[in-house]
Amino acid sequence: MTSLLVTGIGELATCGTEPEVASVDTRPDAAFVVERGRVAWVGTSREAPAADQVHDVGGRAVIPGFVDSHSHLVFAGDRAEEFAARMAGERYAAGGIRTTVAATRAATDEQLVATVARHITEMRRQGTTSVEIKSGYGLTVLDEARGLAVARQFTEDTTFLGAHVVPPEYADDAPGYVALVTGPMLDAAAPHARWIDVFCETGAFDEDQARAILLAGRERGLGGRLHANQLGPGPGVRLACELGLVAVDHCTYLADDDVSALRDSGTIATLLPGVEFSTRSPYPDARSLVDAGVRVALASDCNPGSCYTSSMPLCVALAVREMRMTPAEALWSATAGGALALGRDDVGRLTVGSRADYVVLDAPSYLHLAYRPGVPLVAEVSGSPV
Ligand SMILES: [Zn+2]
């Protein structure tokens, strides 16, 4: 067994699990030991045990790898023209997803694998070490199953999103499409998926449809997640809380009842500020959520339509600058919070027993993630230069 001592850490953000929702544990002159890919010991350089190898990071800051709990990486084509039109004044609506559906259906498996691989590499360069990937641009039995099989090559956290939008061939038969999603499509998708998700929004799926789809997934052993309250107020957040889902994502338009339901259920509110940035929309009120005792995660929502960024450091900077989170809260939400949103206790933190997924920043403190937005600060990921 080979052990590695990472030492000379100017600031180590360990990011515990609950209840330190808003705190980051920072220690000067910190060190930790890695054995078999896990953190085996955490302390100061002075007290560090002997190890087979030593890696001195020269006073730089170390954080856990980011856990991006919401992405849509299985797609083909891009929608740069749509983005340009939106920036010229057109409003974002759910229908643009169909453009990507057509391109994705036409792509080969090899093209889809290459696209996911390219984005995973891009994410890793920006410090992301765990990622959730959704299907949702196939919307046929065959294309959803193959999208999930592609995603499975890269992560265990794969999510069946057959209920992304109603595809054009079912435009006049939404009930027929829901029957397909909860029947043959779920049968084909379930072996490749850990989670099931629904886009519960005007123009996509309503509350009853979302409930039926989530319960059908639960019957097949899939955990539920939900896109909700992104484009306007709606029933999605309360539905997620009622069903005890681990996370509900977007949460941009919330009523007081939604906030208290989130607090009381423990369902995590995953905020995706890259979407509001990219669609020039109002941001979710993260400050009120955190102050109300709601657990908040941050994720990229990387997708070719509403938010084509893969950068968790950008999400942290936006959360601090635009959503009034403190830098500590934002870091926690992008690491430990993302892990909780995926029901995982082995990632998103650097404590004894966790996976040794760590990021060395070219900075003396994690504060620089928000203080220096847009600057490529990630120097190393788990011992490898980026
Ligand atoms: Zn999404």
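This is a predicted model: local features need pLDDT of at least 70, side-chain atom pairs count only at pLDDT 80 or more; totals for chains, interfaces and linings use all residues.
Four donors count as tetrahedral if all angles lie between 85 and 135 degrees. Anything else is irregular.

**Entry 1: the zinc ion**

Which residues coordinate the zinc ion? I found His-70, His-72 and His-227, each through NE2, and Asp-301 through OD. The distances run from 2.0 to 2.4 Å. Next I looked up the angles. The four donor atoms subtend 81 to 171° at the zinc ion, so the arrangement is irregular. For comparison, I wrote down that the ideal angle for four tetrahedral donors is 109.5 degrees. Along the chain, the donors follow the spacing H-x1-H-x154-H-x73-D. I also checked burial: His-70 and His-72 are both buried.

**Entry 2: His-164**

I then went to His-164. It sits in the loop between strand S10 (158-163) and helix H5. Is His-164 buried or exposed? Its relative accessible area is 4%, so His-164 is buried. I listed its contacts, leaving aside neighbours within four places in sequence. Among them are His-72, Tyr-137, Phe-199 and Phe-205. His-72 is also one of the zinc donors.

**Entry 3: the parallel sheet**

I traced an open sheet of seven strands. Its order is S9-S10-S11-S12-S13-S14-S15, and the pairing is parallel. Strand S9 (133-134) and strand S15 (296-298) are the edge strands, each pairing on one side only. Inside the sheet I looked at one pair. Six bridges join strand S11 (195-200) to strand S12 (223-228). Which residue of S12 is the bridge partner of Phe-199? I found His-227. That histidine is also a zinc donor.

**Entry 4: the mixed sheet**

Five strands form an open sheet in the order S2-S6-S16-S17-S18, with mixed pairing. Strand S2 (11-12) and strand S18 (384-385) stand at the edges. Each has a single partner strand, so one side of each lacks a neighbour in the sheet. I followed S16 (358-361) to S17 (378-381): they run antiparallel and are joined by three bridges. In S17, Glu-380 is the bridge partner of Val-360.

**Entry 5: the cores**

How many residues does the largest nonpolar core have? I read 80. Those with the most contacts inside it are Ile-63, Phe-160, Phe-205, Leu-226, Met-325 and Leu-361. Helix H5 (174-189) gives the most to this core, with seven residues. I went back to Ile-63 for its contacts beyond four places in sequence. They include Ala-13, Leu-331, Tyr-358 and Leu-361.

**Entry 6: helix H12**

Seven of its eight residues are buried, so H12 is largely enclosed by the rest of the structure. The buried ones are Ala-328, Glu-329, Ala-330, Leu-331, Trp-332, Ser-333 and Ala-334.

**Entry 7: the cysteines**

I searched the whole structure for disulfides and found zero. Cys-251 has its nearest cysteine sulfur, that of Cys-241, 8.1 Å away. Cys-251 has 1% relative accessibility and counts as buried. For Cys-307, the nearest cysteine sulfur is that of Cys-315, at 6.4 Å. Cys-307 is in no disulfide. Its relative accessibility is 0%, so Cys-307 counts as buried too.

Terms used:
Residues are numbered from 1 along each chain as its sequence is written. Side-chain values use heavy atoms; hydrogens and water are left out. A nonpolar core is a set of buried Ala, Val, Leu, Ile, Met, Phe, Trp, Tyr and Cys residues joined through side-chain atoms within 4.5 Å. Buried means under 20% relative accessible area, exposed over 50%, partly exposed in between (1.4 Å probe, protein chains only). Helices (H or I, at least four residues) and strands (E, at least two) are DSSP runs, numbered from the N terminus. Contact means heavy atoms within 4.5 Å. Two strands pair if DSSP finds at least two bridges between them. Donors are N, O and S atoms within 2.8 Å of the metal (3.2 Å for Na, K and Ca); water is not among the atoms, so sites may look incomplete. Four donors count as tetrahedral if all angles lie between 85 and 135 degrees; four count as square planar and six as octahedral if opposite donors are over 155 degrees apart and all others between 65 and 115; anything else is irregular. A disulfide is a pair of cysteine sulfur atoms within 2.5 Å.
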